[in-house]
Amino acid sequence: MQAERQSIDRRAIPAGAVESRFALADGHEIRRIDLPAQDGGKRGSILFMPGRGDFYEKYLETLVEWSRAGWHVTAADWRGQAGSGRLGDDAITGHVGDFSDWVDDLALLWKTWKTETRGPHIVVGHSMGGHLVTRALVDGEIDPDAAILSAPMLGMSGPPLPLGVSHFVAWFMTKIGKPTRPAWKWSEKPGEMPANRSDLLTHDAGRYVDELWWRERRPELVMGPGSWGWVERAYASTRQLERRGAMENVEVPVLIISTSADKLVRHPSAVRAAQRFPNGELLAFGNEARHEILREVQPVRGRAMAGIAEFLDRVAPPEVS
């Protein structure tokens with residue numbers, strides 16, 4: 001589309017976008033951004049939820065493209081991330097009591113957001129966001145017309161151990177020290193990016209530097225490693241998704257975008273999930289793509305965005321006024 005080829009400033013909040021706070025059930029507030037639909041505004045609405053340690057500023061380019069295509073677009077932080085506070089003992093380590101807390105938050109945001117926006121209603125989750133969207137689908141907490149999972153954290157990269165063994169090790173680590181302590185090393189200087197981090201995320205140097213730019217301009221966005229409590233709860237939540245019949249009972253059309261070169265999450269888990277969902281589809285990449293497929297070099301990213309558009313045209317056409 002011509003609109004999608006127009007220049008997008010990845011380092012500016014788009015004109016017309018509204019940043020606000022959304023109050024959760026216990027009063028905790030999370031950040032939210034809404035981009036009004038362009039091109040007549042009749043396509044529907046997309047809710048985008050980012051990954052662990054992420055913030056919506058990293059995905060402004062994608063959000064703008066969807067807005068230009070006629071979608072009302074909303075994105076939000078997870079509780080305890082980016083500009084939505086912290087749940088641990090410091091400002092760098094990412095911690096959570098249980099992944100079900102995030103599922104509950106998503107359920108409330110989803111329920112409210114649906115009353116505010118035009119259908120069809122689409123949910124998109126990247127990485128940990130993809131895991132939590134999957135949990136919400138499996139638990140029956142959200143009812144989208146379609147779901148898109150970008151490099152979903154349905155299996156974490158690490159030693160090739162059985163899931164139960166990995167979970168036990170993480171549980172043990174929460175018992176021999178504070179669950180809120182970092183589970184892995186970040187850098188010698190707290191808050192400083194580790195060397196070669198971009199090798200895990202994207203081949204696109206410019207898009208990678210965009211993230212650093214936003215972290216400098218908005219220091220509250222900075223987050224480092226996850227806590228041992230986060231790791232243990234991530235394994236516990238993954239075991240719930242592995243239950244027989246969990247994904248098999250989800251009738252929502254689901255598009256999974258994954259790369260075999262991912263070093264943060266397990267590609268085979270994404271492939272298997274696409275097979276387990278009754279209406280699952282897989283858009284697979286290889287060595288040309290790293291973890292952040294929606295922030296990759298343009299040939300890769302363009303293929304992913306085109307695949308998303310084609311999927312949505314098929315499974316979630318515009319509602320008739």
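**Stop one: rings and charges**

Select Arg31 and Tyr56 to begin: Arg31 lies over the face of Tyr56, 4.1 Å from the ring centre. Bear in mind as you click around that this is a predicted model.

Now pick Arg52 and Trp230. Here the charged end of Arg52 sits over the ring of Trp230, at 5.7 Å from its centre.

How far apart are the ring centres of Phe99 and Trp230? A search of the whole structure turns up ten aromatic pairs. In the pair formed by Phe99 and Trp230, the ring centres are 6.1 Å apart and the planes are at 45°, so the pair is tilted. That angle falls between the 30 degrees below which planes count as stacked and the 60 above which they count as edge-to-face. Phe99 belongs to helix α3 (residues 99-116) and Trp230 to helix α8 (residues 228-241), so this pair ties together parts that are 131 residues apart in sequence.

Are Phe99 and Trp230 buried or exposed? Both of them are buried.

**Stop two: a pair of helices**

Stay with α8 and colour in helix α5, which covers residues 163-175. For α5 and α8, the angle is about 150° and the axes are 8 Å apart. An angle over 145 degrees counts as roughly antiparallel, and α5 and α8 are therefore roughly antiparallel to each other. Their crossing is left-handed.

Want to see where they meet? Show side chains on both helices. On the α5 side, the residues that meet α8 include Leu163, His167, Trp171 and Met173. On the α8 side, look for Trp228, Val231, Tyr235 and Arg239, among others.

**Stop three: helix α9**

Select residues 267-276, which make up helix α9. Which residues of α9 are buried? They are His267, Ser269, Ala270, Ala273, Ala274 and Arg276. What covers them includes α8, from the previous stop, along with strands β7 (254-259) and β8 (280-285).

Zoom in on Ser269, which is found in α9. It has 15% relative accessibility, so Ser269 counts as buried, the cut-off being under 20%. Leaving aside its neighbours within four places in sequence, Ser269 is in contact with Leu154 and Gly155.

Hide the side chains and follow the backbone. Most residues other than glycine have a negative phi, and most peptide bonds are trans.

- Ala82 is not a glycine, yet it has a positive phi of about 50°. You'll find Ala82 in the loop between β4 (71-76) and α3. With 2% relative accessibility, Ala82 counts as buried.
- Ala151 isn't a glycine either, and it has a positive phi of about 45°. Look for Ala151 in the loop between β6 (146-150) and α5. At 0% relative accessibility, Ala151 also counts as buried.
- Gly119 and Pro120 are joined by a cis peptide bond, with omega near 0°. Pro120 is found in the loop between α3 and β5 (121-126).

How values were computed
Residues are numbered from 1 along each chain as its sequence is written. This is a predicted model: local features need pLDDT of at least 70, side-chain atom pairs count only at pLDDT 80 or more; totals for chains, interfaces and linings use all residues. Side-chain values use heavy atoms; hydrogens and water are left out. Rings of Phe, Tyr and Trp (its six-membered ring) pair if their centres lie within 6.5 Å; planes under 30 degrees apart count as stacked, over 60 as edge-to-face and the rest as tilted. Helices (H or I, at least four residues) and strands (E, at least two) are DSSP runs, numbered from the N terminus. Buried means under 20% relative accessible area, exposed over 50%, partly exposed in between (1.4 Å probe, protein chains only). A charge sits over a ring if NZ of Lys or CZ of Arg is within 6 Å of the ring centre and within 35 degrees of the ring normal. Axes are lines fitted to C-alpha atoms, for helices over the stretch in contact, and angles run from 0 to 180 degrees between N-to-C directions. Angles under 35 degrees count as roughly parallel, over 145 as roughly antiparallel, 65 to 115 as roughly perpendicular and the rest as oblique. A crossing is left-handed if the near helix is turned anticlockwise from the far one by less than a right angle, and right-handed if clockwise. Contact means heavy atoms within 4.5 Å.
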